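Please walk through this chain step by step. Begin with the overall layout, then go to single residues.

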Amino acid sequence: GLMDADIYGPSIPHLLNLEGRPEVIDGKIQPRMFGSMPVMSMGFLVEKDQAVIFRGPMLHGSITQFLRDTNWGPLDYLIIDMPPGTGDIALTLSQLLPLTGAVV
């Protein structure tokens with residue numbers, strides 16, 4: 001799976017040419033599919049010309065929802081596209097998930 005954790009500048013929908021809002025079924029977000037790979041991004045939830053203005057707790061909530069409330073299905077890997085820097089999103093993910101690898 002691929003999760004776009006760059007809440008302020010989600011690029012994955014553009015890079016993969018994906019659009020549309022994900023459905024919610026039984027309380028779980030259904031990710032958009034790129035072939036057989038599930039993809040989740042804030043870019044699916046806001047209009048292309050709108051900015052996201054979130055602070056710490058809202059960022060934490062969004063990332064947590066992407067991880068826990070998305071129906072990822074069985075995954076071999078979940079690749080997380082991180083925003084640049086070491087801000088709130090990196091801290092949230094380091095607290096929620098065991099890190100198994102990184103590519104810089």
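Residues are numbered from 1 along each chain as its sequence is written, and side-chain values use heavy atoms, with hydrogens and water left out.

Start with confidence. pLDDT is the predictor's confidence in each residue, from 0 to 100. The chain averages 83, and 84% of the residues score at least 70. Confidence is highest in strand S4 (residues 32-34), with a mean of 96. It is lowest in helix H3 (residues 88-96), with a mean of 71. Where pLDDT is low, the predicted coordinates should not be read in detail.

Now the layout. The chain has three helices and six strands. Helices (H or I, at least four residues) and strands (E, at least two) are DSSP runs, numbered from the N terminus. From that end, the order is β-α-β-β-β-β-α-β-α. Contact means heavy atoms within 4.5 Å. Among contacts between residues at least 6 apart in sequence, 68% join residues at least 24 apart.

Next, the interior. Of the 104 residues, 34% are buried, meaning under 20% relative accessible area, with exposed over 50% and partly exposed in between (1.4 Å probe, protein chains only). A nonpolar core is a set of buried Ala, Val, Leu, Ile, Met, Phe, Trp, Tyr and Cys residues joined through side-chain atoms within 4.5 Å. The largest one has twelve residues, including Met-3, Ile-29, Met-40, Phe-66 and Trp-72. Helix H2 (56-68) and H3 each supply at least two of its residues. H2 gives the largest share, three residues. A second, separate core has six residues, among them Leu-2, Leu-16, Leu-18 and Phe-44. In soluble globular proteins, nonpolar side chains tend to be buried together.

Turn to Ile-12, in helix H1 (residues 12-16). Why does Ile-12 count as buried? Because its relative accessibility is 7%. Setting aside residues up to four places away in sequence, Ile-12 touches Leu-2, Asp-4, Val-39 and Asp-81. Its C-alpha atom is 7.7 Å from that of Gly-43, 31 residues apart along the chain.

Finish at Gln-30, in the loop between strand S3 (28-29) and S4. Beyond its neighbours within four places in sequence, Gln-30 is in contact with Pro-22, Glu-23, Ile-25 and Asn-71.

Methods
This is a predicted model: local features need pLDDT of at least 70, side-chain atom pairs count only at pLDDT 80 or more; totals for chains, interfaces and linings use all residues.
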